[in-house]
Amino acid sequence: MKVDKLKLRQAVDSLYSIGPATQESYTRLVIECFRANDADQAKRLQSHMDAYSYRPADSFIHNRLLHLYAKSGQIPSARQLFDKMPHRDIFSWNAMLSLYAKSGCVDDLQGTFDRMPSRDSVSYNTVISGLAGRGCASKALSKRNIKYGEMAARKLFALDPLNAGPYILLSNMYASDGRWKDVAALRSLMKTNNVKKFAAYSWVDINNEVHKFVANDRIHVDSIAIYKELDDLIKKVQEVGYKPSTNLVLHDVGEQEKLESISYHSEKLALAFMLMKRPHESMPVRILKNLRVCGDCHAFMKFSSKVTGRTIVLRDSNRFHHFVGGKCSCNDHW
Ligand SMILES: [Zn+2]
Ligand SMILES: [Zn+2]
């Protein structure tokens, strides 16, 4: 999407001539800064809020600013904002992790990870990709760094056993340390667990624009609204009998973590996004996926077609699934 940076600057300029703004205007401008990837205007916006001692009602505005600073590698701005945030949640912590991971600040990455009150698969992924990236660039990972990578990877193997990403990242870390036996062991573990070499993702098309989702992904500009839409839908389908198949997740993680890891598969995020963007249409919801749909998502799509009254067409790597009124055209054989 092309966003006019000049217009954005003028909008921020006009705030300065008006005075304090409403939550709505700040939110709209923060989203525009994020879309335009314009950290300079974001900083001016933040200064404006600071000047009027404005405190946002929730963490949305600060998190967006934080993610923008993280994206553009602005460590001091991000750190200063993070330190004074009144409400920090998992998004805020993950933004700091991703900043340190991208900037190669391994010590800060580990320090932040240690201090987190709770972690999700995004946190584990960020830690391991930060460490693995460092390993490739400098061949300077310490034994302690590798231990962190192993710990994060093990969590991810348990939460999302079919995702190839952590296997490949850990294998890169071992390789950078010359641990070829461990590289080989990982490769055979991938075979045993039947892990495909590609990460699973789903995508949809709205107004000729493609939106791509991976499991647990919080990168999309609308991700907060998407997760809310999906959580609402999960509640509705549970009322009519859907039970999440947490048995598809390996055993050594807690029930809540199991539930979270299965709830946010890419096709579920894609569905929530489409329902949010196209709430009143009679057209089928079309979703594409590069790998085979999992059993839980298949059941979820059936229930969703029932509670929303919408036809859902899911094209996975094997076939088309047409979900109508709680049933699938494949009769559960796929
Ligand atoms: Zn699934
Ligand atoms: Zn089916």
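Is L109 buried or exposed? The close-ups below start with that residue. This is a predicted model, in which local features need pLDDT of at least 70, side-chain atom pairs count only at pLDDT 80 or more, and totals for chains, interfaces and linings use all residues. Residues are numbered from 1 along each chain as its sequence is written, while chains are lettered from A and ligands numbered from 1 in the order in which they are written.

**View 1. L109 in helix α7 (residues 106-115).** L109 is buried, with 25 other C-beta atoms within 10 Å (buried means 20 or more such atoms, with C-beta atoms placed from the backbone). Leaving aside neighbours within four places in sequence, L109 is in contact with L97, Y100, A101, V127 and G130 (contact means C-beta atoms, placed from the backbone, within 7 Å). Helices here are DSSP runs of H or I with at least four residues, and strands are runs of E with at least two, numbered from the N terminus.

**View 2. The hairpin of β1 and β2.** Strand β1 (residues 201-206) runs antiparallel to strand β2 (residues 209-214), and 6 bridges join them (strands pair if DSSP finds at least two bridges between them). Look for W203, which stands opposite K212 in β2. The hairpin has 2 residues between its strands, and N207 takes a positive phi near 50°.

**View 3. β1 with strand β3 (residues 285-289).** These strands pair in the antiparallel sense over 2 bridges. Find S202 and you can trace its bridge partner in β3, K289.

Methods
A residue is buried if 20 or more other C-beta atoms lie within 10 Å of its own, exposed if 12 or fewer, and partly exposed in between; C-beta atoms are placed from the backbone. Two residues are in contact if their C-beta atoms, placed from the backbone, lie within 7 Å.
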